[in-house]
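Hi there,

Here is the structure I promised to pass on. Have a look, and my notes follow just below.

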Amino acid sequence: MSLEVYERDMTRCSRCSYCKFVPHVKWKNYETAAVCPSISRYHFHSWSAGGKMITGLALLRGRIEYSDTLMDIVYQCCMDGACDVSCKNQRDLEPLEMMLSLRAKMVEDGQLHPAHMFAIDGLKKEDNMLQQKKADRGRWAEGLDVKDLTKEKADVLFHAGCRLSFDEALWDISRGAIKILKKAGVDVGIMGKDEACCGGRAYEMGYQGELTKYAEHNLDVWKNAGVKTVVTSCAECYQAFKVLYDKIGKKPTVKILHITEFIEQLIEEGKLKLDNEVPMTVTYHDPCHLGRLAEPWIHWEGEEKKVMGQMIVHDPPKTYRRGANGVYDAPRNVLKSIPGLKLVEMDRIREYAWCCGAGGGVIDAYPDFAQWTAAERLKEAENTGADAIVTACSWCERNFLDTVKENGNSIQVLDIIQLVQKAMV
Amino acid sequence: MTLEQELKAIVGKENVFEVAEVLESYAQDNSFSSVKTPRCVVKPHSTEDVQKIVKLASANKTPLVPVSSGAPHFNGDTLPEVEGAVILDMSGMKKILRIDRRNRVAMIEPGVTFDELIPELKKEQLAPFMPLTPRNTKSVLTTWLERNPITMPKHHWDGQDPLLCLEVVYGNGDLFRTGSAAGPGSIEEQLEVGRAQVRPGGPSQVDYAKLAQGAQGTMGLVTWISMKCKVLPDEKRSFLVGSDDIVRLYDLARKSIYNRHDAQCLILNRLNLASLMKGTKEEITALSQELPSWILVIVLEGGGLFPEDRVAYQEKEFLEEAERFDLKPEESIAGVTAEDVENVLGKSSGQDYWKLRYKGGCQDIFFITTLKQTAGFVEKVKELAGAYQYSNEDIGVYIQPAFQGVNCHCEFNLNYDPGNVEETDKVKAFFKESSRAIADMGGFFSRPYGPWADIAYGAAPDSVDAIKRLKNIFDPDGILNPGKLCV
Amino acid sequence: MSISKEAYRALEGIVGPEYISQDPVIMDSYCFVWGNEVMFGDKFAARPIAVIIPGSAEEVQEVVKVCNQYNVKFRPHATGWEATALSAAEGFLPIDLRRLNKIIEINEDSMYGVVEPYVSIGALTIEATKKGMRCYSLGAGPSASVVASSTSHCGIGNASIFTGVGGRSVLGVEWILPDGKLLRLGSLGAGCGWFSGDGPGPSLRGAMRGVVGANGGLGVITKVAVKLTPWYGPKVLETSNNPPSYSNDLPENFKVFTMTFPTREDVVDALYLISEEEISHVCSRRGPFAVASGLVGSNEEMWELWKKGIYQKKCANSIVLIMDSTSPECLEYRVKVLNKIVEKTNGAYFTEDSHRDGGKYAHGLLGIGGNKGAFRAGGTFNEGPGAEETMDSLLNLQVMANELKEEFVKTGKLLDDGDPIWLQPFEQGQIGGHGEIPVRFDPCDKEAVKVAREHYEEACKRELASKLGIGPLEGGIGFNDEINDTAGPETMNYHLWMKKIKKALDPNLVSEASFYTNPKE
Ligand code: SF4
Ligand code: SF4
């Protein structure tokens, strides 16, 4: 959607600043009331979602021009959508969609963030965000004895994603996923070097064409491979496949599952037994892309109209995505199935979780900000008394691990997969 | 024309007094304040009189000292600090201008006393909030204008209560009305559209009443106030809770305030309770010896649709809480019934003011603090009394929770025999040192009479500067009670 | 107005380059608030001359001193959630106080809280609740600042009947006067702590604010202590459901009622009785639209509900009440009283299905919800006639204001939502209460903005002429010279005294006063 589409939303922003905070009814402590990393770190109102509404309007009206400051305002933002949930708890506005359009407009107008070029060039050259060799993409699975779906057939495709394919320190997770699936008797395979990026991160950076490109590619590949289900342990890939592809009219015909959903199902079906005691206290970090951003897309096309003189409604009626329908319970249910494991919750969870800081191109362009955001989250996690912060997204993990290393936190960073493996006999 | 002649032209010659005897009577009170004899006393009978007098005084740069209550005075606030002052005695302005049952509000002039107001309110099923048993000559208006606390902390929403709006003549003779009484429109026009001068703030972005309140007449002369009243209770239930440990009493008081009981709620030491209840020194001494050190007085009041039920549930809660604190609310202690106390709290002190019954003289020390801190002050005063060889048994203590439990008025009453020069001197010195010690410990002299002005303003130089700037606005010629406070 | 290089450098020297900016991209988000279109005809008011975010009260004081030195007009704001917090016809220096965000103390024994400006009502409420207390309630919702609402703006809400109002809850205050001098009110100034704001002698709270505050036109308040009120609910109020319909699980000792009445007069009679009987924690007369909109998740749902006609018919005159209690006997007594009141005033309980689950709208009424009713429908709203006095006088205001509104609703440019008056008793009715007519419209509709402005101007005139109040913003948002100078002559010339106070406290007239008063040189 072009930015113009959101001109009315921008004008109707009341500068209430709800978007800076967890929805008020859900506050548990003042200390953890903030929900927007961007405004929390940079302070000037422009950095909040409301501020970006104003900035977008100022830009449309020609009051301001492109500048480095504008670039920072727009890109020092994780696109995690917490603001969107808080705003929409009150209003029928679309701050997140507006921010996506603002980024798309910048890209369209040639206002490219230099630091994002690394990832974008990587996509162009190697179909991944990390400028790694395409040929190496399947290396993580070496020795696993997993089907290569470019050659064989399987029901289920495990999509590792760029991060897990190339970040050796995290290979435990992707490999672990395969082991779990195989142990449960799942007929699973991978695409190896033929796996490509999901395109989601590029889309969030404003390169909307990349999403279309990869959606088309991936849908094709899946079709050719004849899989029924695509499962991934990367929340960003999951959200791209499930939500963004649908949003741009390319809804996959295969079933898309996050690994936690799959594991939950396997446990329910008795195919996976978690009998080992894991005597730990953990807290669970909801990845934004598995949580609020994973709420299914709701298509709507129509017009705004007025009733009662001035009440804004739509023809046909519009239903808003307000964040509650993300994947929140599956990972928690998996954790609860692990004997001896105690799950304690942080203050900011589910649709009002605090982002890890990596998303939206922040880890690429502003690593210090990404780590600042992660540090806030780690502090919150530590305050629960947990031994480990557990998550279900490789980007969150990378960012947390880097931050822990930098700041010397004592808390462990784990993926659910790692815990499930520990619990398996 | 002399000033006196001009004053006579305004109020009539029968309302201007120049004889030495009268003048002397306005130059002394029961405080240890220094004395300056006024040049004359003038008694206005209307706002117009007051306005004319102020204009005249302003033109002549003559100091005006307002008085509304009758003698005996206690705090030195009605004594001229400078030579050549004119006393403006408004005690003759006695009109009860309005009583409004539906809005629970009354409007009164400066000279109205509690005993005059109570029966009139009663006719309308209302009653005033009360300060602790005032003297019978005490002006209701001054009581509230000087931010005296009420015995019912629940209804003390703000330090200003129960004062709502007021009419004031500023130092240049301009008339002003504060709060919603300012308008738009005259009072009559306001009443016509259902307004009743109940909103204290404003008009607009200044709270003019707050600037006039607590100012001892230095910021303007108040010619009427509107004040909130309570519904006359149909049902009452009173208790005395005795203890030698004051801390436990205020824990219980706090809980009752927290539960917003419709209660008069105050703590007295035994001497003060005895002084309130008995007439002579001997009786007071005898009773005092029988009473516990501290007594929490609770009067639950029920009005409205189901007064009995209202009192009943509160009584139950109160008794349960008392049990939790291991305290025993009684209907009578040492022959003093709670009901008698309740009666004493509901009216003036009558002919003999209770504070003077024990020894004939009484110097008060009162300030604002928090309930929690009161015990510390009690200890300190006791310690100083020892140092001055002043009997601790001669000190009355009154602790009044205020501002819905946020803070409290803490009062020590130093009883002495004014005929005994040695004792008087001792008390004077004791008073001075205690006041200083209390301030040092964090007691807040929010109503800084006499020597407290130096203490309070010495500690708050930023307030002095701001008050002076404002004083210049409302009293450009500096004629309103000069020398008081810091101005 | 502009700012000289020297002045900018001096300011930058105080806060460091990270916390000051003159970048238009940044400054544009400091001239955009919801009152702008009605006040200035556009979403954007004059662009600031710079924006500064000091990190402490000491820095604020330095900033104010520099502003005096270089004749820079400044105005502070806290959360900025106020109709005109950032509006002016000419640029000024907004002082963004968001880094002053600490809760300094919550005192259980003496029931007060001490906060810095960026601490919101929601923040103080959540922390005080853990100790069995609450902050005064605020109609503007939880994201408004405690400092702003208690010292500088309005400070009233649905629970004002029980919690009282912000302006009358003020204790100690730390105030940097417009000339840069520090003034600490009450016991604080005397070094005794935060527990009182009055004295020694006259209460300077009176210069700080009246029925509303100086809207940032009189220096900067950097800390305030406010009275907290008892909270008989649990330390943590559990919630259920999903956005946008989060609801509170009301504790057993609370009850929610909606009552409907045949006439406006009955409503007012009931409000008098409920106030006097002191049985409620929350009690207000809300318009049918406001009552319904708390229950629905979106405008689309609202429209579905409205079309059924239930609310306009049955809730045209209604009161929403939340009852709290200190014991089972207390609750029983209060219910008995309410039943009697309803009977005496010809009322009935509204038992529509959507209303049974009181928790659905309780959070909004308890002051931790939000502003769905005001902003969602049309996109924004403005004030019609509004006043603070007895409920009887507000009934007259209601009649006048609705006649006026109907004239404008005919244009199709204001929401046609029935009689929307909000009647709110304060302090158990002992100081009257608040009445206000919100008019909702779409800020994107230029014609609607024009009509809203005309409505506002007419409301000013009629309210003054009817002697019901000074202007639409009485107790609502704030006044400006236009209103004060018109109303002053009818109202004891208060505006002249106010100008003198402004001049006395702000000799260089640098504290930007578009919504306070500007004495002429
Ligand atoms: S984006 Fe939404 S929540 Fe944020 S300020 Fe605007 S209206 Fe409020
Ligand atoms: S997406 Fe995240 S960082 Fe960006 S404005 Fe919203 S809450 Fe803030």
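Which residues are around ligand 1? They are Cys13(A), Ser14(A), Arg15(A), Cys16(A), Ser17(A), Tyr18(A), Cys19(A), Gly50(A), Met53(A), Cys87(A), Arg91(A) and Leu93(A), where near means having a heavy atom within 4 Å. By class, this shell holds seven nonpolar, three polar and two charged residues (Ala, Val, Leu, Ile, Met, Phe, Trp, Tyr, Cys and Pro count as nonpolar, Asp, Glu, Lys and Arg as charged, the others, Gly among them, as polar).

Before the rest, a word on conventions. This is a predicted model, in which local features need pLDDT of at least 70 and side-chain atom pairs count only at pLDDT 80 or more, while totals for chains, interfaces and linings use all residues. Residues are numbered from 1 along each chain as written, chains are lettered from A and ligands numbered from 1 in the order written, and side-chain values use heavy atoms, without hydrogens and water.

Now to chains A and C. Their contact (heavy atoms within 4.5 Å) takes 63 residues from chain A and 82 residues from chain C. Together they bury about 5,700 Å², 58% of it on carbon and sulfur atoms (accessible area, 1.4 Å probe, lost on being put together and summed over both). Five salt bridges are counted between chain A and chain C, a salt bridge being a side-chain nitrogen of Lys or Arg within 4 Å of a carboxyl oxygen of Asp or Glu. Arg41(A) pairs in a salt bridge with Glu18(C), with 3.9 Å between the closest N and O atoms.

Best wishes

Definitions and conventions. Buried area is the accessible area (1.4 Å probe) that two parts lose on being put together, summed over both.
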